[in-house]
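Here are some notes on the structure shown below, written for someone who has not seen it before. Please read them with the model open.

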Amino acid sequence: ARTAAVIPAAGRGVRLGPGAPKALRTLGGTPMLIHAVRAMSASRAVSLVVVVAPPDDVAGVRALLDEYPAPERTEVLVVPGGATRQESVRHGLDALPDSVTTVLVHDAARPLVPVDTVDAVIEAVRDGGAAAVVPAVPLADTVKEVEPAADGAPEPVLGTPERARLRAVQTPQGFDRATLVRAHAEVTGEVTDDASMVERLGVRVVAVPGHEEAFKVTRPLDLVLAEAVLARRRV
Ligand code: CTP
Ligand code: MG
């Protein structure tokens with residue numbers, strides 16, 4: 001009964017602008033991927049981390065991980081990623097040894113998730129008996145459904161879901177391994193997270209409290225916020 005974390009880190013980071021692949025960009029002088037690996041290995045329950053690297057730089061990522069060793073209790077594997085996040089996660093799942101029963105999937109782009117959030121997700125899967133668990137936070141903005149239009153043209157508003165019932169969903173998402181593997185085998189089509197694949201199987205997914213510091217570094221302004229959060233931690 002081992003818990004492993006799969007870290008998809010194979011994306012380019014197009015929305016962040018030109019530069020190295022997003023996971024290799026630095027925060028406080030340390031690559032985002034290293035922060036993400038540390039965030040997972042900070043949990044005593046995590047004994048294996050599988051990093052899914054840009055396919056053209058697997059050796060470079062392996063060398064980087066060796067430069068910043070994880071705690072002794074944590075094994076770190078590197079596998080090549082795919083064309084989509086979904087495909088990258090699948091490559092990570094394929095590398096898991098049989099002993100793994102609980103899997104976390106954590107974006108390299110969420111480098112600052114606190115260990116308490118990681119532990120809460122693991123506990124909800126292992127002791128709470130949920131096959132899929134997502135960390136989630138309430139929204140500050142009102143959300144509207146629109147009919148998307150191109151190039152900044154006005155978009156007709158179709159409706160406004162009640163904000164109090166909405167959550168922004170983060171990672172790590174936690175899963176019973178067999179359930180997640182089945183979801184990745186059976187569910188096709190575009191998805192933006194792993195839990196939605198499990199939802200499509202008809203399996204119950206639960207949300208636990210996430211954390212504001214688990215935000216995803218997506219656009220340049222997010223890097224400014226991440227640097228500030230890190231600086232605040234260091235004082
Ligand atoms: N990811 C991946 N393989 C892909 C695409 C994305 O492993 N083919 C990973 C990213 O490295 C990231 C996580 O999935 O850690 C979340 O994706 P996102 O924030 O969208 O990152 P990118 O796809 O790299 O960014 P963008 O969409 O702006 O290009
Ligand atoms: Mg992306």
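1. In strand 10, Ala136 has Val169 as its bridge partner. Strand 10 (residues 168–169) runs antiparallel to strand 7, and two bridges join them. Strands, like helices, are DSSP runs numbered from the N terminus: a strand is E over at least two residues, a helix is H or I over at least four. Two strands are said to pair if DSSP finds at least two bridges between them.

2. This is a predicted model, in which local features need pLDDT of at least 70, side-chain atom pairs count only at pLDDT 80 or more, and totals for chains, interfaces and linings use all residues. Residues are numbered from 1 along each chain as its sequence is written, while chains are lettered from A and ligands numbered from 1 in the order in which they are written.

3. With strand 11 (residues 173–176) the pairing is antiparallel, over two bridges, and Ala132 stands opposite Phe175. With strand 12 (residues 206–209) the pairing is parallel, over four bridges; here Val134 faces Ala207.

4. Which strands pair with strand 1 (residues 2–8)? One is strand 6 (residues 100–105), parallel over five bridges, where Val103 is the bridge partner of Ala4. Another is strand 4 (residues 46–53), also parallel, joined by six bridges, with Ala5 opposite Val49.

5. Strand 1 is mostly covered, as six of its seven residues are buried. A residue is buried if 20 or more other C-beta atoms lie within 10 Å of its own, exposed if 12 or fewer, and partly exposed in between, with C-beta atoms placed from the backbone.

6. The largest nonpolar core has 55 residues, and Val6, Ile7, Leu33, Met40 and Val51 have the most contacts inside it. Such a core is a set of buried Ala, Val, Leu, Ile, Met, Phe, Trp, Tyr and Cys residues joined through C-beta atoms within 7 Å. In soluble globular proteins, nonpolar side chains tend to be buried together.

7. Beyond its neighbours within four places in sequence, Val51 is in contact with residues including Ile7, Leu33, Val61 and Val78. Contact means that the C-beta atoms of two residues, placed from the backbone, lie within 7 Å.

8. Gly82 lies in the loop between strand 5 (75–80) and helix 3 (85–94). Is Gly82 buried or partly exposed? Gly82 counts as partly exposed because 17 C-beta neighbours lie inside 10 Å. Not counting residues up to four places away in sequence, Gly82 touches Ala10, Glu87, Ser88 and His91.
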